Amino acid sequence: MAAKQPGVTVRAPAKVNLCLGVGPVQGDGYHPLATVFHAVDLTDTVTVRPSKRWECTVTGPYADRVPTGGSNLAMRVAQRLADECFEAGPVSMTIDKSIPVAGGMAGGSADAAAAIIAIDQLFDLQLTKLDHQELATDIGADVPFILAGGTALGTGRGDQLAPVLTTGRYEWVFALQDDGLSTPAVYAEFDRLNKGRKVPLPQAPEEMIAALRSGDPRELAGALSNDLQEAAISLMPKLQKTIDTGLAEGALGAIVSGSGPTVAFLCADRAAALDLMVGLTASGVADDVVSAGGPHPGARVVSNIRTV
Ligand code: ATP
């Protein structure tokens, strides 16, 4: 085992689901999805250095809510590659976390995707794109999209991806809550709310795909949808007030991001996003408010550290 350089830093984006169609639970416990993922420039930064022992340090505003052992998805990637690849070994990892934890923005998946790229480069494993994708799918259904970035249609468990043509850049404001929502708990609530109803298989989101091609944020706002929103609001009723407040403050559209509790607001432009941030902050309907634009590229190396 020999690292080819003293360290590698990779940045990976958060995602918002512009539409999230959820089908009936299957025998394996999973729900078939038809979703449009959109990566935004709210990012985590993962640095790995070769080390004699496994170490993980998390920094940033959400650090105290992130595990640092083997249950950390980025550490799981690193340990798995050390087990499977002769060239790889223990690392000291630092995760600078800006993506909210358990916020429905795929923060853990972002760190896992970053770790795949970082460990490959650190130990010069020369993994193929297919190797990356297979490992990503194994770690979690959102990880392949974070590797790819941009805007993509996800089917199956969300891991079968096809890029979606997108015109322009979209400005978002995210209303964050200190309390997270567990993704399995939101799906369980979805199943409870739909008991006795016939849940259809999710359809290809034609309206959303046309809106993204148009580049018009108003058209996009009209096409936002999330089948998990009712379940997320059922578990955290205050999200409805957050949505109503953001719309009253001038957002073009609002949607719970993935399984929540983050609420994503689409704005007409950057100036409108800044105004909305002020309005949401003053209203007190969120614990924190951040802005970000999309689409953004997937996990990318930002620096190779050349000195120890
Ligand atoms: P998704 O949108 O993919 O459903 P999420 O954004 O709602 O996910 P995460 O931030 O990925 O949720 O975190 C979910 C749980 O995963 C956390 O409560 C935490 O215990 C665990 N976890 C493991 N690794 C990480 C990581 N690197 N960053 C954040 N959470 C992690």
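Start by selecting Pro295, which sits in the loop between strand 11 (288-294) and strand 12 (300-305); helices (H or I, at least four residues) and strands (E, at least two) are DSSP runs, numbered from the N terminus. This is a predicted model, in which local features need pLDDT of at least 70 and side-chain atom pairs count only at pLDDT 80 or more, while totals for chains, interfaces and linings use all residues. Residues are numbered from 1 along each chain as its sequence is written.

The peptide bond that runs from Gly294 to Pro295 is cis, with omega near 5°. For another cis bond, go to Gly260 and Pro261, where omega is about 5°. Pro261 belongs to the loop between strand 9 and strand 10.

Next, select Lys15 and Asp142, which UniProt lists for "active site" in an unreviewed entry; such annotations may be inferred rather than shown by experiment, and the positions are given in the numbering used here, with feature names shortened. The two are spread over 128 residues of sequence, yet they cluster in space, with a largest C-alpha distance of 8.9 Å.

Lys15 is in strand 1 (residues 7-22). Lys15 is buried, as 33 other C-beta atoms lie within 10 Å; the cut-offs are 20 or more for buried, 12 or fewer for exposed, and partly exposed in between, with C-beta atoms placed from the backbone. Not counting residues up to four places away in sequence, Lys15 touches residues including Phe37, Met105, Ala106 and Asp142; contact means that C-beta atoms, placed from the backbone, lie within 7 Å.

Asp142 is in the loop between helix 3 (129-139) and helix 4 (143-148), and is buried with 26 C-beta neighbours inside 10 Å. Beyond four places in sequence, its contacts are Lys15, Ala106, Ser109 and Gly158.

Move to Ala106, in the loop between strand 4 (91-96) and helix 2 (107-122). Its phi is positive, near 65°, in a residue other than glycine.

Finish at helix 9 (residues 238-248), where Leu239, Thr242, Ile243, Thr245 and Gly246 are buried. Why do they lie on the same side of helix 9? They cover an arc of only 165° around the axis, the arc being that of the directions from the helix axis to the C-beta atoms. Asp244 and Ala248 are exposed on the other side. Elements covering the buried residues include strand 7 (170-176), helix 8 (229-235) and helix 10 (270-283). After helix 9 comes Gly250, with a positive phi near 115°.

Definitions and conventions. Two residues are in contact if their C-beta atoms, placed from the backbone, lie within 7 Å.
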